[in-house]
Amino acid sequence: MPLILIAALPFLGALLPGVMIKAGRNACAWTTASVTLAALVGLLVHAPKVLAGEVIHYRLDWMPVVGLNANFFLDGLGFLFALMILGIGLLIIIYARFYLGRQDPMGPFYTYLLLFQGAMVGIVLSDNVLLLLVFWELTSLSSFLLIGYWKHLPEGRQGARMALAVTGTGGLALIGGMIILGQIAGSYDLSVILTQKEAIQASPLYLPALILILIGAFTKSAQFPFHFWLPHAMAAPTPVSAYLHSATMVKAGLFLMARLWPVLAGTDAWFVIVATTGLVTMVLGATIALFKDDLKALLAFSTVSHLGLITMLLGFGTPFAAVAAVFHIINHATFKAALFMTAGIVDHEAHTRDIKRLGGLRHLMPITFVIALLASLSMAGIPFLNGFLSKEMMLEEVARTRLGIPLLLPLVVIVAAALSAAYSFRYLGHVFFGDEREDYPQTPHDPGFGLWGPPAFLVALVVLIGLFPAAIAGPLVAASAGAVTGGDLPYYSLKIWHGFTPALLMSVLAVMGGLMLLLFHYPLDKRWIATRRPEAKVIFDTVVALCVQVSRRITDVLHPGSMTRYTAIFAITVLIASAVAWNSSTLAAPGRELLPVGMVGVIGWILIVVSTGILVVYHRNRLLSLILLGVTGTIVSISFIYFSAPDLAMTQIAVEVVSIILLLLALNFLPKSTPAEGGVERHLRDVIIAGAMGIGAMILTLAIQQSDFSQPTISAYYLENAKTLAGGYNVVNVILVDFRGFDTYGEIIVLGIAALVIYALTEQLLGGRVGRKLADRPHDPTLSGDLHPMMMVVATRVMMPLALMVGVFIFLRGHNAPGGGFVAGLVVAIAILMQFMASGYDWAIARQRFTYHGIIGLGVIAAILTGVASWLFGAPFLTGAFAYYKLPLIEEFELSSAMAFDLGVFLCVVGAVMLALESLSRLARRKDDRTRTHPMDIDPSRTEDEPRPVPPGTAPAEAH
Amino acid sequence: MALWQEVIVSIMLVIAGVFGLVGSIGLVKLPEPMMRLHAPTKATTLGVGGALLASMFNALFVLGRFSFHELLISIFLFLTAPITAHFIAKAHLHRHRADYLLPATGTGMPWAEAAPPDGSSAAQTEPVTEPTSTSARR
C-alpha cells in the first residue's frame, strides 16, 4: 500500500463512524476497526523490506515552491511508531466499544479517534518537515477533541484547553525551529536534512533551532516544566488516556527527538538540555506518582517519569543509549497501555479510581488482577518481563555516563528507579492485594472479554518480549535503532542474563528500595499531604489569566467597539505609513497631462462636495445622512459610467441599493439622531485627522494620475488574451471568473462566511438579554394601519418576473458584455427583497422554499465542482475551458466552464445578501407579533367575516 | 443620420428636457406637499419617456434595428412611479392626518392611514397635534 494511503486511510475512515452509528454501536465499532486494520495491513506489507533495513519513499509534489510536499518515507523508526499507533489503536477501538456507556455518543468518539490516528501516522511517516508540522498541529487539535470528549465535565473541558494551550504553544515553537533547520539544510525534506549533520551543528543558528524544536518536543512529551498538562488530560475517557497518553501522542515528542537525533544529538548543548530535562522529569514524575491516589493520575505521572527516562537516554547521545531508548519505547507502550486499560476496567466495574477506596480486588477480579500484575511488575523492572530488559540497558548506560559530579547520575537514577518500583508495587498492593472491602461504590467483578482482551494481548507481548527478547523484538529494535543512529549499531544483546554487572546491582537496589518505600508509604503520604507544593494548575491558570488581562488591556485601547476610534487608528496608521513611504522613495516627474475637466465632471464634483458638506453639518440626523450617502453613491456609480466602466457602475448601483436597504433596517433600531459628542478640542482633533487623510488621498491621487507606472501593467495582457484564452469579450468578467478565478473563489467563500457570521451573531443576540428586550418593545402607536398597500403588493408581483429576467439576462451576457454573476446575484436579491418589503416577512418567508444557508453552500459547491472538474482533464484547479455550440432556433452560443463558476458566484451572492438582510429583519420581530398569512392589510376581495389580519406591529422586513 | 431623423430625435430630447425642467421647478415652487407630489411623477414618466423614445429612434436610425431595452425601462418606470407617489402621499397623510375631519368609512374599519384597531387604540384617541391645512384636501 502506498505510504500516503496508510496516512490518509484513517482520515478517510473518519467519515464513516458518524454514518455507521445509525446501524448500531457494533457496526460503528467494527467499521472503525476495519479502517485501522486496513491501514495496519498496508503497513505490515512493507515489514520485510523495512526490517531488512530498506527505506521506502513516496513522493507527491504539493507546493514545491514553498518546499511543502506530501513526501513520505518509511524506515525502521517510522515503522515502529506506525505499528504502535495502528496496532494499539486497533486494540483501543475494540476496548472503547465496551468501555463507552450508552449515554456516550460513539460516532464522534470514533471520528476523533481516527482523525488523531491519521495525524499520528502522518507525523511518523512524513518525509517533509512542513508536512510533519501540519500533522503535528492536527494531533494537538484532535487530542483536544478527545480529551474534552465528555463535554459536560468541567475537568474535561479545562484539561482539553490546557493540553491544547501547552502543546499548541510548543507547536508554534516547533514551527520556528523546523523552518530554521530547513533553511540551514537547504531543504525541508527530512531525508535531506538528516544528511546535513556537520552543516547544521556548525551553524550559528543551531542553538536557537535546537531550543525551539526541543520546546515542541518537550511540551508534547510532557517533559518538565511542561509536564503538568498530562495528568489533567486524564479527564478523558480511559481508552483515550491509554491511547494518547501512554502509547502515541506523548511519544510524538520522543519520536521527533529520535528522528532528528542523527543531526541534533552529540553536542554538549543537546546532552545538557535533553539529558538533564529527562532526568529531572523522571525523578519528579516518579515522586508525584507515588503519592497520587487517583489510579489514572498515578499512571499519568508514571508515564511522565518514563518519558523522562527515554528523553534522558536520547539525551546521552550515544548509540547504545539510543538502542535502549527505542527498546524502552516499545516496552513502555505495551505495559503502560495495558495498565491504563486495567485502570479503566477497575473504574468501570468499581465506579471509583480512588486507591484509598480500593483493595482486595484480586479475588473479585482474577483476570484483571493477572493482567495488572504482569504489567506493573514489568513497569517495576522485575526479570522475565520486558520492562526489566530495557531498564537494565538504561542502567548500564547510566553507569557509564557522567553528568556533573561522578556517581551523581547513577544515584539519582537509582532513586528514580526505586520510586518507579514503589508506585508499581503500590498499584498492585493497594488495589489488588489486601483485604476485600465492603464499601466499594459497586461490587466489582471481571468484565467481558471485550474489555480484558486488548490488555491481555498486550500483556502477552510483555511476557513474550520479556522471555524471548531477541526473537520477538530483536529485528524491530535493530531496524528502528538503526534508523535513529543512522547506520552503525553498537554491540548490544537482548537477553535476560548478562552476568553480575553494575546494572544488575543497581536494579536490585532499586527494587529493594521500592519495596521499602511502599512499606513506609503511610507515614510518607502523611508528610507529603502536609507539605505545601506548587500546584501546576493554579500557576497555569494564573499565567493564562495574566495573559488574558494584558491582551484585554491592549484590546480595550485598540478595539473598544467605537467606530470613531477604529477610524482614527486606521487613518493615523495609514498616514504614518504613507508618510514614511513618501519620504523614503522618489517620485518620477509627472509624465502625463491631466485630462480637461468636462461639464459632467464639474456637476458631479459639485454634487459630491455639496452632499458631503451637508453631511458634515447635519450628520446627527441619521435619515438625512443616509439620503446624502445615497447621493454620493449615485455620483460614484455615474462616474464609473463616465469613465467607461459599466461593470463597475452596475455593481455599484446594485450594491448601493442593497446597502441603503440594509442601513434603513438598521436605522429602525437606532435613535433618530446622534447625540452631540465631545468638546471643541475633540472636534479639532478629528478635523485634523480627517483633513490630513483627505489631503493625503488627494496628493496620492494626483501623483498617480500624473505619473507613469514604474513597471508595465498587466492590463495589456488581459485585454489581449481575454478572448483568445478565456473566450470572453468582457475583460472584467473574464478576470473575475477565469484569470483570477481562484481569488474570486476565496472571496465568495469569505462572503458566505460573513453572511453566516451575521446570522450567528443575530441568533446569539436574539437568544440573550438584548433579544428579549427587543421582543418586548412596545408597539409604535403611530404606525399606519395599511403597512402593505395593495398597489405596492401587486406592483412588486408584476415586477418579480421582470426583475428575475433582468437578472438572468445580466448573468448570461456577463462573459461578453457588462454583467456577470455578482451583479446578477444582487439584482435577483433585490427582486426577492421587494417581495419581503411589499408583502411582509411572514408571507414572503412562507413562499421561500430554499434556505439561504443552502443557497450559499450550493454556490460554493458549484464553484468547487467547476474547479475540480478541470482535474478530470489533467489540468490544474479552476482551469477554464470554452466551446461554441449550435442548437436549432437560436444563434450559435458559447458554453464555458467560467459560466458554471459564475453560477457559484451568483448563488453565493444571492444567499449571502438575503441571509444578512433576513437576519437583520428578524431583530424587528416583537414577542406578540402574529403570523400574517395575507400579503395585504386591506384587501377588498377578502370576505368580511375574516378577521383583519393586521399585526399590532410592523412586519420585520419593513423599511420605512 | 439624415436631418429629419436628427430633428425627430432632437424633438424627443427637448420634450424630455422640458418636462424634466418643469417637474423640477414644480417640485421647488409648488406650495403644498400634495401638489408637489404631481410635479416629479409627471416628470419622471414623460421626461424620461421622451429620452427613451429618443434613444429608440436613435437606435433605429443609426443601427437600423429596433431597440427594446427602453420599453423595459419604461415599463419599470410606469410601475414604480405611481407606487412612489402613493407612498409619499400615504406618508404625508399619515403624519398630518386629522381624524375628526374624515367621514366614517362605513365598513366598521378605520381609514387605511389610521392605526390598526387592535393593539394601539391609543392612536385613535390621541389628540391630533398637527392639523395642517393639507389634510382637508382628502
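Hi everyone. Let me start at one residue, A:Ile382: setting aside neighbours within four places in sequence, it is in contact with A:Leu377 and A:Phe388. Before I go on, please keep in mind that this is a predicted model.

So where does A:Ile382 sit? It is in the loop that links helix H20 (366-380) to helix H21 (386-400) of chain A. With 19 C-beta neighbours inside 10 Å, A:Ile382 counts as partly exposed, because a buried residue needs 20 or more.

Now let me step back to the whole of chain A. Its secondary structure comprises 42 helices and four strands. The C-alpha trace spans about 105 × 75 × 75 Å along its principal axes. Of the 960 residues in chain A, 45% are buried. If you take the contacts in chain A with a separation of 6 or more, 79% of them are between residues 24 or more positions apart.

The domain assignment for chain A gives two entries, domain 1 (266-519) and domain 2 (730-960). How far apart are the C-alpha centres of domain 1 and domain 2 of chain A? They lie 64 Å from each other.

And then there is chain B. This one has five helices and zero strands, so its elements read α-α-α-α-α from the N terminus on. Chain B has 138 residues, and buried ones make up 17% of them. For contacts in chain B between residues at least 6 apart in sequence, 61% join residues at least 24 apart.

Take H30 (residues 599-617) and H31 (residues 622-642) of chain A. Their axes come within 9 Å and cross at roughly 160°. That angle makes H30(A) roughly antiparallel to H31(A), since anything over 145 degrees counts that way. The crossing of H30(A) past H31(A) is left-handed. On the H30(A) side, the contact is made by A:Val600, A:Gly604, A:Leu607, A:Ile608, A:Ser611, A:Thr612, A:Ile614 and A:Leu615. From H31(A), the partners include A:Leu628, A:Val631, A:Ile635 and A:Tyr642.

In the contact of H31(A) with H32(A), the residues divide into 13 nonpolar, five polar and two charged.

While you are there, have a look at A:Ser644, in the loop between H31 and H32 of chain A. A:Ser644 has a positive phi, near 60°, although it is a residue other than glycine. Is A:Ser644 buried or exposed? With 8 C-beta neighbours inside 10 Å, A:Ser644 counts as exposed.

A:Phe224 and A:Pro225 are joined by a cis peptide bond, with omega about 0°. A:Ala222 is found in the loop between H11 and H12 too. A:Ala222, a residue other than glycine, has a positive phi near 55°. With 29 C-beta neighbours inside 10 Å, A:Ala222 counts as buried.

One last stop, and then I will let you go. A:His683 is in helix H33 (residues 680-706) of chain A. With 11 C-beta neighbours inside 10 Å, A:His683 counts as exposed. What separates the C-alpha atoms of A:His683 and A:Ser420? The answer is 72 Å, for two residues 263 apart along the chain.

Conventions: Residues are numbered from 1 along each chain as its sequence is written. Chains are lettered from A and ligands numbered from 1 in the order in which they are written. This is a predicted model: local features need pLDDT of at least 70, side-chain atom pairs count only at pLDDT 80 or more; totals for chains, interfaces and linings use all residues. Helices (H or I, at least four residues) and strands (E, at least two) are DSSP runs, numbered from the N terminus. A residue is buried if 20 or more other C-beta atoms lie within 10 Å of its own, exposed if 12 or fewer, and partly exposed in between; C-beta atoms are placed from the backbone. Axes are lines fitted to C-alpha atoms, for helices over the stretch in contact, and angles run from 0 to 180 degrees between N-to-C directions. Angles under 35 degrees count as roughly parallel, over 145 as roughly antiparallel, 65 to 115 as roughly perpendicular and the rest as oblique. A crossing is left-handed if the near helix is turned anticlockwise from the far one by less than a right angle, and right-handed if clockwise. Two residues are in contact if their C-beta atoms, placed from the backbone, lie within 7 Å. Ala, Val, Leu, Ile, Met, Phe, Trp, Tyr, Cys and Pro count as nonpolar, Asp, Glu, Lys and Arg as charged, and the others, Gly among them, as polar. Domain bounds come from an automatic or database domain assignment.
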